[in-house]
Amino acid sequence: MTASLIASGSLRNRLVLTLIGGAAILTLLLFFAIRNYAIQIAQQGQDNILGASATSILDAASIRDGTLEIDIPYASFSMLSTPSDDRVFYAIYQDGNFLSGYAGLSNPSVNPGRRSSFETTQFQGETVRVATAARTLIGAENRTQIRVYLAQTQDALSGTLDKISRNAALFGAGFFALATLLSFWASSTTIGQLKRLTTSVTRRGPQDLRPFEKPVPSEMLALVTSLNSLMGRLDQSLRQSEDFIAEAAHRVRTPLATVRSYAEATLQRVDKQENRQAMRSMIRAIDESSRAAGQLLDHAMTTFRADHLERQEIDLVELVGELVERLTPIADMKDVRLNLRSEGKITCSGDPILIQNAVRNLIDNALKYAPGESAVDIAMIMNPDIQIKVCDSGPGFPPNEIDILATRFTRGQNAAGTIGSGLGLTIAQDVAMAHGGDLLLSNRPEGGACATLSL
Amino acid sequence: MKFLLVEDNQELANAILSRMCLDGHVIDHAANLQDATAFVETGEYDLILLDIMLPDGDGRSFLKQHRASDLDTPVIVLTARSQVSDRIGSLDLGADDYVTKPFDHAELEARCRAVLRRKAGKATSTVEIGGIVFDPVAGHLAVKGEVVNLRNRELRLLELLINATGKIFSKQKLADRLFSFDDDASENAIEVYIARLRKHLEGSELKITTLRGLGYRLDHDS
């Protein structure tokens with residue numbers, strides 16, 4: 001009945017992955033954005049100082065007596081000092097001719113037209129930021145252009161950047177962790193709704209096909225609506241098939257009852273030996289078929305209920321007691337006594353209809369095979385498993401067949417003269433197995449069969 | 001005993017009626033709920049045999065109504081439905097017992113007897129004949145004031161013979177009534193029961209005569 005479905009991924013995992021993936025992308029974007037911005041700000045700061053320093057050098061330049069004089073102010077370099085002891089290089093050109101400083105620093109690609117510009121480049125194997133500034137000095141007889149290149153290594157800057165990156169990364173990680181937690185929470189509250197629905201479906205008994213009435217989230221409304229309509233149809237078809245079985249049983253059994261009654265009545269009037277024998281055979285055949293029909297229905301019912309075992313607390317002594325009371329008139333017909341023996345109160349959890357059915361089959365069997373004016377002993381023991389033992393003093397089970405008697409439609413060789421369907425022990429065994437027990441068949445040493453139903 | 005049979009299947013009803021008459025009971029037949037209600041209102045019955053599926057309704061509604069109107073006539077439900085829930089439903093509604101169709105008449109009889117015995121006090125119908133007092137419901141036989149408890153088969157045998165005093169019953173006929181159809185080797189057992197009954201009847205004016213080759217007959221020496 002229960003086919004195992006293959007799960008195509010988990011909704012919850014998918015949700016969590018999507019949320020976490022989104023959070024990861026956001027975190028990375030955030031990290032790079034902060035870092036870029038920080039780089040820009042830091043670079044701008046360095047540029048400003050470099051620019052100011054270069055300007056202060058240019059400002060110190062003057063033409064005296066037609067010659068250029070530059071007295072680099074102390075402040076020009078001191079303002080560039082950093083905690084990381086960055087190195088500073090400079091180069092001064094007059095009208096394109098190298099005047100002083102580090103000749104290699106000049107960069108011909110810089111457009112001389114602009115007043116100042118900044119560039120990052122390599123110098124002496126280190127990354128430096130170069131500021132370029134130019135000034136045109138107008139002397140008495142000539143004008144001359146002074147260009148200052150001022151470069152600074154970026155140790156302090158990269159230190160600052162590292163710090164900022166670290167902070168940004170920490171911030172990003174925190175954000176990511178928080179987002180992950182949030183996504184787990186969000187997905188479990190969402191899935192929780194589904195789980196609640198699942199639990200309320202699972203907790204229902206096999207007979208409970210009522211529609212769901214509790215409010216559900218609007219997204220699940222469609223699912224629950226179709227679930228309700230499915231259960232409605234299931235309920236209806238179950239009801240129909242139950243009605244059909246009842247109706248079929250009615251249709252089959254009523255005419256059988258008529259035939260049987262007539263046959264019995266006729267038997268009372270007929271005197272001729274052959275006719276009586278024929279009537280007897282007829283009645284036996286009717287009994288066979290009606291019993292088989294009943295047992296088949298019982299067997300189908302047992303199989304169905306065992307598949308959907310609905311356990312409840314049962315007072316076994318009361319249940320078996322009622323059964324014995326019900327079967328007493330039948331036992332009386334053979335003057336067979338039904339002795340019920342139980343130790344105190346025995347309760348168990350199981351399906352009362354199934355257990356009653358199983359025990360009834362065992363007692364029916366015992367009654368069939370018990371000789372007249374004997375006793376059938378029914379004992380309920382707890383040691384510590386619950387055992388219901390039904391023993392008669394009939395011919396007993398054939399020893400060579402005792403293992404296969406509970407198989408469907410199998411009947412003992414010594415059962416040829418007795419009416420039966422071969423399903424009684426099967427039903428009892430199915431019930432025992434559904435309750436996690438078994439059916440044990442044995443023969444009493446003093447003669448007679450003993451069937452023990454353990455639960 | 002006066003019975004009411006509520007059963008819509010005419011054939012089955014006829015069979016039950018003829019069998020019940022044979023056993024010496026008075027039995028009325030209603031084919032639907034309306035008739036059944038009318039019968040119950042006018043007559044007093046010891047037992048009602050009630051079918052569940054009837055043309056004008058469910059037998060269980062009749063049962064409910066019957067119990068609601070404070071009548072405690074015992075009811076045995078005849079059902080062709082085999083589902084246990086159905087049986088339990090009828091018992092809950094106040095049926096005293098049920099038989100599943102097709103039923104063994106001997107079983108029906110046994111159940112009637114059991115139900116009547118349970119409700120005893122009201123439905124006592126003792127037979128007084130030839131110095132004995134016989135109560136088929138309780139299963140007592142008193143010969144000259146001495147009460148004997150009869151076993152079920154002895155009881156049925158005596159009931160059969162008393163209902164038709166002077167009639168000859170063959171061994172086979174008696175066996176068919178006393179034993180179920182699945183135990184065959186029982187004709188000789190009849191002799192055992194006849195012997196026991198003879199012993200029980202000692203001292204009364206009733207005597208079981210053996211007619212060789214024909215069977216047995218209950219005679220009343222007066």
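**View 1. A:Glu373 sits in the loop between α7 (352–369) and β11 (375–382) of chain A.** This is a predicted model, as are all the views below. A:Glu373 is not a glycine, and yet its phi is positive, at about 55°.

**View 2. B:Lys144 is a non-glycine residue with a positive phi, near 50°.** Here we are in chain B, in the loop between β10 (140–143) and β11 (146–149). B:Lys144 has 10 C-beta neighbours inside 10 Å. The cut-off for an exposed residue is 12 or fewer, so B:Lys144 counts as exposed.

**View 3. Helix α1 of chain A takes in residues 11–59.** That is 49 residues, reaching 71 Å from the first C-alpha to the last. At 1.5 Å a residue you'd expect 72 Å, so the span comes out close to the expected value. Which residues of α1(A) are buried? Look for A:Thr27, then A:Gln46, A:Leu50, A:Ser53, A:Ala54, A:Ile57 and A:Leu58.

**View 4. Five strands of chain A make an open sheet in the order β4-β3-β7-β6-β5.** The pairing is antiparallel. At the edges you'll find β4 (97–101) and β5 (116–123) of chain A, each of which pairs on one side only. From one strand to the next, the twist averages 25°. Zoom in on β6 (residues 126–138) and β7 (residues 143–153) of chain A, and you can follow 11 bridges between these antiparallel strands. For a handy landmark, pick out A:Thr136, with A:Gln145 of β7(A) standing opposite.

**View 5. Strand β3 of chain B (residues 47–51) is mostly covered, with five of its five residues buried.** Which residues point to which side? B:Leu47, B:Leu49 and B:Asp51 are on one side, with B:Ile48 and B:Leu50 on the other, and all are buried, so both faces of β3(B) are covered. The strand has parallel partners too. Strand β1 (residues 2–6) of chain B pairs with β3(B) in the parallel sense over four bridges, and B:Phe3 has B:Leu47 as its bridge partner in β3(B). Strand β6 (residues 75–79) of chain B also runs parallel to β3(B), joined by four bridges. There, B:Val75 in β6(B) is the residue opposite B:Ile48.

**View 6. Helices α6 (residues 152–163) and α7 (residues 171–178) of chain B pack with their axes 10 Å apart.** The angle between the two is about 130°, which makes α6(B) oblique to α7(B). The crossing of α6(B) past α7(B) is right-handed. Who makes the contact? From α6(B) come B:Arg153, B:Arg156, B:Leu157 and B:Leu160, and from α7(B) come B:Leu174, B:Arg177 and B:Leu178.

**View 7. An open sheet of three strands in chain B has the order β12-β14-β13, with antiparallel pairing.** The edges belong to β12 (168–169) and β13 (206–211) of chain B; each has a single partner strand, so one side of each has no neighbour in the sheet. Between β12(B) and β14 (residues 215–220) of chain B there are two bridges, and these strands run antiparallel. B:Ile168 is found opposite B:Arg217 of β14(B). Helix α8 (residues 187–201) of chain B packs on this sheet, touching β13 and β14 of chain B, and its direction makes about 150° with that of β13(B).

**View 8. Stepping back, chain B has eight helices and 14 strands.** How much of the chain counts as buried? Of its 222 residues, 41% do. Among contacts in chain B with a separation of 6 or more, 50% are between residues 24 or more positions apart.

Notes: Residues are numbered from 1 along each chain as its sequence is written. Chains are lettered from A and ligands numbered from 1 in the order in which they are written. This is a predicted model: local features need pLDDT of at least 70, side-chain atom pairs count only at pLDDT 80 or more; totals for chains, interfaces and linings use all residues. A residue is buried if 20 or more other C-beta atoms lie within 10 Å of its own, exposed if 12 or fewer, and partly exposed in between; C-beta atoms are placed from the backbone. Two strands pair if DSSP finds at least two bridges between them. Axes are lines fitted to C-alpha atoms, for helices over the stretch in contact, and angles run from 0 to 180 degrees between N-to-C directions. Angles under 35 degrees count as roughly parallel, over 145 as roughly antiparallel, 65 to 115 as roughly perpendicular and the rest as oblique. A crossing is left-handed if the near helix is turned anticlockwise from the far one by less than a right angle, and right-handed if clockwise. Two residues are in contact if their C-beta atoms, placed from the backbone, lie within 7 Å.
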